[in-house]
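Here is a short briefing on the structure shown below.

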Amino acid sequence: MSSAQIEIQLIASIVAVACAIPGTFLVLRKMAMISDAISHSILPGIVIGFFITHNLNSPLLILFAAFTGIITVVLVEYIQKTNLVKEDTAIGLVFPALFSIGVILIAKNANDVHLDVDAVLLGELAFAPFDRLIINGADVGPKSLWIVGSILLITLTLLITFFKELKVSTFDKGLAASLGFSPAIIHYGLMSVSSVTTVGAFDAVGAILVVALMIAPAATAYLLTTDLKKMLVLAVGFGIFSAIMGYWVAHWLDASIAGSITTILGLVFLMVYLFAPSKGIIAVLYREKQQRIEVSLLTFLLHLKNHDELEERHVKHLNEHINWQKVRSKSVLDLAQKNNMIHIENQIVSLTEKGDAFTSKAIDYIITNRDAQIEDMKDDFFLFRG
Amino acid sequence: MDITEYIKLVFTDYTLRTITLGTAILGAVTGMLGSFAVLRKQSLLGDAISHAALPGIAIAFLITGAKDSNTLLIGALISGLIGTFWIRGIVSKTHLKSDTALGLILSLFFGFGMLLLTFIQKQPNANQAGLDKYLFGQAATLVESDVWTMAIVTGICLLVMLLFWKEFKILLFDADYTKTLGFNTKTIDVLITSFIVLAIVLGLQTVGVVLMSAMLLAPAAAARQWTNSLSVMVFLAALFGAFSGVFGTAISASQNNLSTGPVIVLVAGVFVLISFIFSPSRGLLFRQIRFVKNRRDLELHKTLAFMYNIAETHENVSHPHAIKILNNFQGYTKGTLQKLVEKDYVKLTGNMWSLTAKGFNAASNLYNQQNETDE
């Protein structure tokens, strides 16, 4: 590994961490699309800032562009307040307009600006190590490393200082307000941090990857845990993993680093989405299937308890009576038999003692709807666990 | 170049005619279908779909190795649909909210698309140049056959919309009721969503992935301000969309270095701005005017009621009083007094005022009405 490669991976990882932290709160506050809006609408801010400072890495430009991001948020909120359109429409109206202005500004001044639209969307991570920061003639590393590093430092400081406030206001706005934390200050604080991070990361990884790095690790982590601290740690972990993996994939394919980091993020999300233990799609589908069978089983047992007549309890008759398909009735019969709830004699189904007791309990629960009745049923019954 | 000259050019010049026609048709169809997206609160779905279409374009190119716009659009359509249904899967099967799902699919698909695009650029296939025009769109690459495709798709959309108008409408405003009526809501839903995806994919070549969502939203959001009727809204949105296309093309054609897509989006944005401000029933301007007018009326009533309370204590209702005593009363202005005089409720003599019989009557009725409404 050359030092340039290490530097690129370092920058990518730091950006990933810096994005994952505000991203987690954005996802929890249901404001994920705001990050998309910000990442697009800072473009005119960057272009205008560039005209003023003539330096893409100037802190002034970052502040200027971040300010545009906050303007976007304010504009969106203003449009929402007029009640003329729905919230999401407001977002969808503001950022394409601002982005268009940015694109037009770049196109009109293509000769003066060393910015092209591809770089805006994708960033130039591969070239980041060439732009060195030189202090008193000494080379102290790439400029973007310093920029994203200081942004990460600020974000971390703010996170640790205001963790409690952020947590309370994210999960219970009313409580936060009554405790005296101004919701507006926290809201705009978070928006400012998101904007600054977006702008700082923008140069390195481009507009789209910023959004991906903010939302994807947080969403992936959210599928695995419901604990805020764990979620933050997981999101940071996913971010760093994707950044480093993404770099090597890009190296291997000779393609865009930003694109391949996003792709890895996507794959990680896909894996977790499919296989997460309790919230993954496979687990959810399995649970739904279990619950369906259990409801069927309960219906079936209740039917048996209600009918003493032989013809009502004939195996064939059950098919027709409760209107089930063959496969389904067979699987329900098997399940009941396996649990010693029923026994079948000459095609006549009857409840065993265990089944009888179980059904009575279930009826009790349905009638009283009191949780205490089902505590011991929970062990053999999936349905009541949720 | 003046306007008449430009209009003449639109009809004679092949490129300009094709582009103008293309953007106009595109604006019309996106406006039309965008109305449904906006009313279904799926505004940002368009943004996600248009980004999600990018890998489809790249994969279609990788498979066929040719840059035929129809096959690329089919690829875009497929990957847009996959993105849409994945979003639905995330929202319905996990506890992630729709905004997270949208942002996820948008950025992940787009990033994957960019990976493929940069990968393609390194391939020794001379054909690949120009694939990136799908990012921001390039109306100049439109040819007559593209316009025909758009026109045909628009025609199909229009036909299906007219056929299923009742179903679309009822699903839009009361999904549960639709279900109880026995309509297959899922099919109608998929139909609408697929058409929205189709409209977005059509526009990719002209406006590009990034700005396509605005084409879907802006005309519809503008049209919404002028009417409360769905049919009028769809019609207006189509009109606004078409005009954005035509004006945007005209503006970008008259200048160098102005890409058509962003200009069209900005023109559509101007339509939205005008609608927000000047729409008679919902617009901000008229809302403000109504607000001020209501406040004036209220002040007038307050002043009259105050005068009535003073006049009541005298045997002669027209007993003159000094204007000065009104000064302590909030809501009194010279303007309101003048208005009362105009209405013949009050007479002014020097710096004294007196209530007329008519004014006294009006005030006492006002008072009664207030009593009634209070109870």
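Helices (H or I, at least four residues) and strands (E, at least two) are DSSP runs, numbered from the N terminus. This is a predicted model, in which local features need pLDDT of at least 70, side-chain atom pairs count only at pLDDT 80 or more, and totals for chains, interfaces and linings use all residues. Residues are numbered from 1 along each chain as its sequence is written, and chains are lettered from A and ligands numbered from 1 in the order in which they are written.

**Loop residues**
- A:Asn83 sits in the loop between helix H3 (59-82) and H4 of chain A. Its phi is near 65°, a positive value in a residue other than glycine.
- A:Asn83 counts as exposed because it has 9 C-beta neighbours inside 10 Å. The cut-offs, with C-beta atoms placed from the backbone, are 20 or more other C-beta atoms within 10 Å for buried, 12 or fewer for exposed, and in between for partly exposed.
- A:Asp254 is in the loop between helix H10 (228-253) and H11 of chain A. Phi is near 55° here, again positive in a residue other than glycine.
- A:Asp254 has 10 C-beta neighbours inside 10 Å, so it counts as exposed.

- Leaving out residues up to four places away in sequence, A:Val15 touches A:Val148, A:Ala201, A:Ala204, A:Val205 and A:Leu213. Contact means C-beta atoms, placed from the backbone, within 7 Å.

**Chain A against chain B**
- The contact takes 53 residues from chain A and 50 residues from chain B.
- H4(A) supplies the largest share of the chain A side, 13 residues.
- That side divides into 34 nonpolar, 11 polar and 8 charged residues. Ala, Val, Leu, Ile, Met, Phe, Trp, Tyr, Cys and Pro count as nonpolar, Asp, Glu, Lys and Arg as charged, and the others, Gly among them, as polar.

- Helix H11 (residues 257-275) of chain A packs on helix H5 (residues 98-121) of chain B at an angle of about 135°, with axes 7 Å apart. Axes are lines fitted to C-alpha atoms, for helices over the stretch in contact, and angles run from 0 to 180 degrees between N-to-C directions.
- H11(A) is therefore oblique to H5(B). Angles under 35 degrees count as roughly parallel, over 145 as roughly antiparallel, 65 to 115 as roughly perpendicular and the rest as oblique.

Key. Contact = placed C-beta atoms within 7 Å.
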